[in-house]
Each structure stands twice: as C-alpha cells, then as structure tokens.
Amino acid sequence: MIFEPQVPDWGEKLTFNKLNELIKYHTWLSTTGIKTGLISPKNEQFIWDEFIIHSLYFAKIITEMPNIVEEVSDLGTGGGIPGIPIGITTDIKVNLVDIKEKRVFELSRLLKILDQKNMFSLQEDAEDHIKNGGFFVSRCYISSENVINSIKKDKKTTYLVSSTGENIEYDNNLFHVKHEKFKINKNDIRHIDVINVK
Ligand SMILES: C[S@@+](CC[C@H](N)C(=O)[O-])C[C@H]1O[C@@H](n2cnc3c(N)ncnc32)[C@H](O)[C@@H]1O
C-alpha cells in the first residue's frame, strides 16, 4: 500500500505550511519510533492517520478555545502523541510528559532533529504534573472516567482526552463535558472529550 499523507478538510488550515515538518515526524515515528519501542510496529498509513491526523484534532480544538491557550501538557506522551503534532502546527508551549526515562530521552533527541523550540520533554509522573492544574491533553493514557472520578479537580483545569465516544456520568456542578467527533480519513471516526472543571 502506498502511503498518502492525506489531511481531512478540517485540518487544512492547521497544516498548510506545516506538512513537511509533520512528514518528518512521521518518518521518525515509522523508523526510530518503532526501532526504539516508542510505538509498536504499524504501517505508514496507520501511523499517519491514527497518530498524526488524530493528534491534529487536539490542536484544532485548542486553537478554537474561547480563551487563548499558551501552554499544554501531554500526559503519557509516549512517542509524542498528540503533543508533537500540536507543537508543530501551533506556537503553543508543549510539555511532553512521560514517566519512562527511555521515552523522554528519545523525544529530546527528536526535538533537536525537528529544531522545535516550543516543545520540552519531561520525565515526570503525570499524577504529580497535574497537581498544579492547567491545560492537559492525553491520548490512550488517561480516560474521561479517570478525569471525572479520580483525578484532582482544580478549577480552571481543562482535559482533552481521546475517548470511545460513549456517554459518561458526571456531576454537572463540577464539570462541563463536550464530546467531539471527527473523521481521521475517509472512513474512520474518532472521539475526543473536552472536560472543563467548573
Ligand atoms: C498507551 S501509551 C500512549 C502513548 C501515546 N499518548 C499514544 O497515544 O500513542 C501510555 C504512555 O503513558 C506513559 N505512562 C504510564 N504511566 C505514566 C505516569 N504515571 N506518568 C506519566 N506517563 C505515564 C507510558 O510510559 C506510555 O508512554
């Protein structure tokens, strides 16, 4: 199968002058990312659609928030997903947080290759990192249920987390939850929950 770096309509504005950088990151994920175990072996199209395009929707939501977002932390970033596509397509400061030293080391090497000055890799336990509140993104690490039920709930904290699209039970007095549904390619739909602590 020939790899096609397709971008859905909703992503065209974000990517119009950033496609080369995103493709550079895609090449790194497909080679070094797999070799060093930051992601498991996947074909090039899967890596583009599921990791890069999926991550771009986080950037879309962040850039369309009513208040300007200056800094986000990607909790359990692994190979930099979704933090790196957010950092490439916006000027926002992005903290790439992972507990594993090896992952953080490889990410710091990647940031030098990409020559991106707005991203920082941090070896830290996400549970400690969220204690100060802020704006958090996470794909396949924390769930909406974790946020609603077990995470410290500071006011003025926002979580954008990948989800299955299922409805969740929550206290309307404590949270505002918005479900975002989008296509990552012609056929596949994905979901992100935007959870604001009131
Ligand atoms: C399933 S991977 C998801 C990686 C990436 N976000 C993605 O979507 O491909 C979960 C990541 O969370 C990291 N992790 C696990 N526990 C953590 C913790 N307490 N604090 C920070 N990172 C953690 C793991 O090292 C791993 O990189």
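1. A quick word on terms before the details: helices (H or I, at least four residues) and strands (E, at least two) are DSSP runs, numbered from the N terminus. By that scheme, Asp115 sits in the loop between helix 5 and strand 3. Asp115 also has a positive phi of about 55 degrees, although it is not a glycine. Asp115 is exposed because 8 other C-beta atoms lie within 10 Å. The cut-offs here: a residue is buried if 20 or more other C-beta atoms lie within 10 Å of its own, exposed if 12 or fewer, and partly exposed in between, with C-beta atoms placed from the backbone.

2. Some housekeeping. This is a predicted model, in which local features need pLDDT of at least 70 and side-chain atom pairs count only at pLDDT 80 or more, while totals for chains, interfaces and linings use all residues. Residues are numbered from 1 along each chain as its sequence is written.

3. Cys140 has a positive phi of about 60 degrees and is not a glycine either; it is found in the loop between strand 4 (135-138) and helix 7 (144-149). Cys140 counts as exposed because it has 12 other C-beta atoms within 10 Å. The peptide bond from Ile81 to Pro82 is cis, with omega near 10 degrees, and Pro82 lies in the loop between strand 1 and helix 4. For context, most residues other than glycine have a negative phi, and most peptide bonds are trans.

4. Now the sheet. Strand 1 and strand 2 run parallel and are joined by 5 bridges; two strands pair if DSSP finds at least two bridges between them. Asp74 has Leu96 as its bridge partner in strand 2. Strand 2 also pairs with strand 3 (residues 119-123), again in the parallel sense and over 5 bridges, and there Asp98 stands opposite Gln123. Strand 2 is mostly covered, with 5 of its 6 residues buried.

5. What surrounds the ligand? The shell holds 16 residues, the closest being Gly76, Gly78, Ile99, Ala126 and Arg139; a residue is near if its C-beta atom, placed from the backbone, lies within 6 Å of the molecule. Strand 2 (93-98) and helix 6 (126-129) each supply at least two residues of this shell.

6. The largest nonpolar core has 43 residues, of which Tyr25, Ile52, Phe58, Ile86, Val147 and Val161 touch the most other members. Helix 3 gives the most to this core, with 10 residues. Such a core is a set of buried Ala, Val, Leu, Ile, Met, Phe, Trp, Tyr and Cys residues joined through C-beta atoms within 7 Å. Leaving out residues up to four places away in sequence, Ile52 touches Leu22, Tyr25, His26 and Pro85; contact means C-beta atoms, placed from the backbone, within 7 Å.

7. Last, Glu70, in the loop between helix 3 (44-63) and strand 1 (71-75). Glu70 is exposed because it has 9 other C-beta atoms within 10 Å. Glu70 does touch Ile92 and Lys93, not counting residues up to four places away in sequence.

Note on methods:
Contact = placed C-beta atoms within 7 Å.
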